[in-house]
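Have a look at the rings first, then read on.

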Amino acid sequence: MNGERTIRFLLDGEVHTVAGISPTTTVLEYLRERLGRTGTKEGCAEGDCGACTVVLAELAASGIRYRAINACIRLLPTLDGKALFTVESLAPAGGELHPAQRAMVECHGSQCGFCTPGFVMSLFALYRANRSPDAEECRHALSGNLCRCTGYRPILDAARRMYEYPDDGQAAREAGLPEQLLAIRVTGEKRLNAAGQTWVAPVTAAGLAQALASRPDAAILAGGTDVGLRITKQHEDLPEVIYLGNVAELAAIAMTDEHLEIGAAVSLTDAFGALLAEYPDLQEMTRRFASPPICNAGTLGGNVANGSPIGDSMPALIVLGATVMLQGADGARSLPLEDFYLDYMKKDLRPGEFVAAIRVPRARPGRFLRCYKIAKRFDQDISAVCGAFAVELDAGRVRAARVCFGGMAATVRRAPACEAALAGTGLEPAAIGRAIAALATDFRPITDFRASQAYRLQVAASLLQRFANEVLSPAGDASVWCHAG
């Protein structure tokens, strides 16, 4: 087996081999404490500020794919078979600056400098992925990086300026990257044992099922955006971790005439790309879900499996009639996603089972869909309320309605009384009024630090009114959508 007790990744064009280190060591910790690469900073240790941003490169169908990720919640063994770029990688000692670095200097994009390496790495990822981004694409690429000196304008200037410079030096250093990645690709299951911890990384779904059957209490790791916080914030000792990121079957996206199937190891970035191609009206949800580094690491399957009542993907998936595909050593089964959630953070998941995929029905004519997120910040914030709405119209009347909210109950949940009030109507004001009144029957939301019960009910009513207005008037007159004022 190819280096089964070691991990190998590329760093500055050289194969870097790691053995005998705790498998729950974060990339940030390893870079700073073992390699002395202190350009990568720790600001929040939860993937929120972007000071720790690094870039991973890996083989994809289209060639080499470069993506920014948060080193503070990324576990070191997940680098296996990939190439890592830190801010030190871009301008070796005595070498010329990368265009992203040069642009930051010339546009005066650095103030105190603490966040600057993270911004540079997000710019580097953008430079590699998009040769002609517009202003909004530049802003989105940097949405996972916070500047405490509030110096965003010159940084955005740098995002545009960097394309004026050639990157011959970095391009030359990366010339052999495809062949190098092929040489260290992961071909078999990896098992690491160090510091009293075990790491198992199967490469097949059957191997994953077997690993879970023998280690039912192990932490299941996909993108690490949740498990990483258990390590950095809750300081949990995870004696056993099973990683599903190397399972090829779970990393696939498939399309049939009936549904879109997204594997549990597919990143949010790729899952959202597939969903948007089928359902463009999910743009707001996918844009505001999380920053690019979080979406590049996290998975749709992980968000569904986590089952948080404020998980933003589930309301939209539920109104679309999504199915969750489950697999274990005893076989496979499927459930409507709405039936998967039993109570607060409790799922219909048998011992040894894992989420293998999510199936979403294909779009069909006559169905109108919207998903809205309400939070205190536009970017990088958790929802107070997330509402999703889907209606099928026949001759201007509602043939079927599905309404689902996150943040309104112990689980993401549909609103049956509201749906019944909408059925058969033409979404006229009186019908919407009855449906709004029914929301108070469907939900008794809590008051917490994100929002009060009254606010949540008011927002839910406003979002339903907004949806009705947008269905009746596709141009969407924003002056009339807010029911609550």
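How many aromatic pairs does the structure hold? The count is 12, and bear in mind that this is a predicted model. Some that I'd look at:

1. Start with Tyr127 and Tyr163. Their ring centres are 5.3 Å apart and the planes meet at 15 degrees, so this pair counts as stacked. As for Tyr127, its relative accessible area is 1%, so it is buried.

2. Next, Tyr372 and Phe389. Here the centres lie 6.0 Å apart with the planes at 50 degrees, so call this one tilted. Tyr372 sits in strand S17 (residues 367-374) and Phe389 in strand S18 (residues 385-394), so the pair ties together parts 17 residues apart in sequence. Both Tyr372 and Phe389 are buried.

3. Tyr372 and Phe389 belong to a cluster linked by ring pairs, together with Phe405, Phe443 and Phe467.

4. Two arginines deserve a look as well. The charged end of Arg128 sits over the ring of Tyr66, 5.4 Å from the ring centre. Likewise, Arg288 has its charged end over the ring of Phe378, with 4.6 Å to the centre.

Key:
Residues are numbered from 1 along each chain as its sequence is written. This is a predicted model: local features need pLDDT of at least 70, side-chain atom pairs count only at pLDDT 80 or more; totals for chains, interfaces and linings use all residues. Side-chain values use heavy atoms; hydrogens and water are left out. Rings of Phe, Tyr and Trp (its six-membered ring) pair if their centres lie within 6.5 Å; planes under 30 degrees apart count as stacked, over 60 as edge-to-face and the rest as tilted. Buried means under 20% relative accessible area, exposed over 50%, partly exposed in between (1.4 Å probe, protein chains only). Helices (H or I, at least four residues) and strands (E, at least two) are DSSP runs, numbered from the N terminus. A charge sits over a ring if NZ of Lys or CZ of Arg is within 6 Å of the ring centre and within 35 degrees of the ring normal.
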